[in-house]
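Subject: Structure handover

Hello,

Here is the structure I promised to pass on. My notes on the ligand site follow below it.

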Amino acid sequence: MLKSKWRFRNMLDFTEASLKKVLTRYNVALEKAMTPEDAAEELYPKDELIYPIAKAIFEGEEDDVIEGLEAAIKAGKDPIALIDDALMVGMGVVTRLYDEGIIFLPNVMMSADAMLDGIEFCKENSETAPVTKGTVVCHVAEGDVHDIGKNIVTALLRANGYNVVDLGRDVPVDEVLNAVAENNPILVTGTALMTTTMYAFKEVNDKLLEKGYKIPFACGGGAVNQDFVSQYALGVYGEEAADAPKIADAIVAGTTDIAALRDKFHKH
Ligand code: B12
């Protein structure tokens, strides 16, 4: 049985005729009778603890996400590992079907909200390291509301013993500078998912240098790549959220030089 919320969404987005059009337009290799739920079903992981979480993310059902996470944690899974192993997997299904034109932005938005609730739950249920290794200032570029990746970055940094100053999303360049002045971080992170917002990183970089802060500025997010991040002096590119604590650990261990960090973390 479909959940009522999904039935409602389907009424909004998918009349039989419109779905047929979408499938034809995107030349999706699916059976004619296949619904978005059927398509998602084929992509879910088979693991019996992970499956319900991934499915609940796709359906945008926050309560079911939490219920699934509770069961997985009770069965011995690590809450922080579940962010990557279950929540991200569910969001991966959403992203794929969105990219293929099978679901639309309202669906993605509901899934994203469920994902964020799930991340919060995982963070609350993880035993944070008692000693702080250092402070990291995290933000999403000015004009950009995509904060799922940044939230994973902050969760992983906290789980690895860092004090995180989370500035949120759509953060004005000067706000990043103020946070650096106030918190004396070992690292600043930036996330951008839009080609229109990623240039804010260059501005952050230039203002940091102008004020004499030579702090590594780790940047990631779907819009940016290693070549782009290498164009500004403090930039260190990270492909995966898990690179953020690794970069921070390298800094704590004494690698503060940007060229040396790039050498360690960039692909050659
Ligand atoms: C979810 C989503 C949304 C949600 C966002 C919800 C939220 N709270 O984040 C909603 C529905 C709100 C949304 C809105 C919009 N979206 Co949108 N959205 C997406 C979608 C489907 C998935 C993005 C995502 O969350 N990915 C998963 C996360 C985990 O990935 P990530 O952030 O990149 O993070 C990973 C790595 O990059 C890395 N990482 C990230 N940051 C950092 C930092 C460091 C230091 C390190 C080491 C690593 C790291 O870690 C993560 C993995 O481990 C993408 C499509 C896609 N294929 O990406 C479009 C997409 C990003 N959106 C897009 C657009 C255009 C929009 C809208 C303008 C749509 C509109 N017309 O209104 C608005 C944006 C408004 C704005 N001003 O920002 C475009 C951007 C195109 C472009 N290149 O500029 C995309 C690519 C879709 C497309 N194909 O056109 N969107």
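Of the 36 residues around the ligand, the nearest are G143, V145, H146, D147 and T191. Please keep in mind that this is a predicted model.

H146 is the single protein donor to the cobalt atom of the ligand. Its NE2 atom is 2.3 Å away from the cobalt. H146 sits in a loop, with β1 (135-140) and α8 on either side of that loop.

For A241 the distance is 3.0 Å. For G221 it is 3.1 Å, and for G149 it is 3.4 Å.

Now the site as a whole. The ligand takes up the space of the largest pocket. Several elements give two or more residues each to the shell around it: α6 (79-99), α7 (105-124), α8 (148-159), β3 (187-191), β4 (217-220) and α12 (243-252). By residue type, the shell has 17 nonpolar, 12 polar and seven charged members.

Where does the ligand lie relative to the domains? Domain 1 (4-124) and domain 2 (135-265) both give residues to the shell, so the ligand lies between them.

Best wishes

Terms used:
Residues numbered from 1 in each chain as written. Predicted model: local features only at pLDDT ≥ 70, side-chain atom pairs only at ≥ 80, totals over all residues. Heavy atoms only, no water. Near = heavy atom within 4 Å. Polar contact = N/O pair within 3.5 Å; in protein donor to acceptor, adjacent residues only side chain to side chain. 1 Å grid on protein atoms, 1.4 Å probe; cavity = no way out; pocket = protein on both sides within 12 Å on 5 of 7 lines; lining within 4 Å. Sits in = over half its atoms within 2 Å of the grid points. Helix = DSSP H or I, 4+ residues; strand = E, 2+ residues; numbered from the N terminus. Nonpolar A, V, L, I, M, F, W, Y, C, P; charged D, E, K, R; others polar. Domains from an automatic or database assignment. Donors = N, O, S within 2.8 Å, 3.2 Å for Na, K, Ca; no water.
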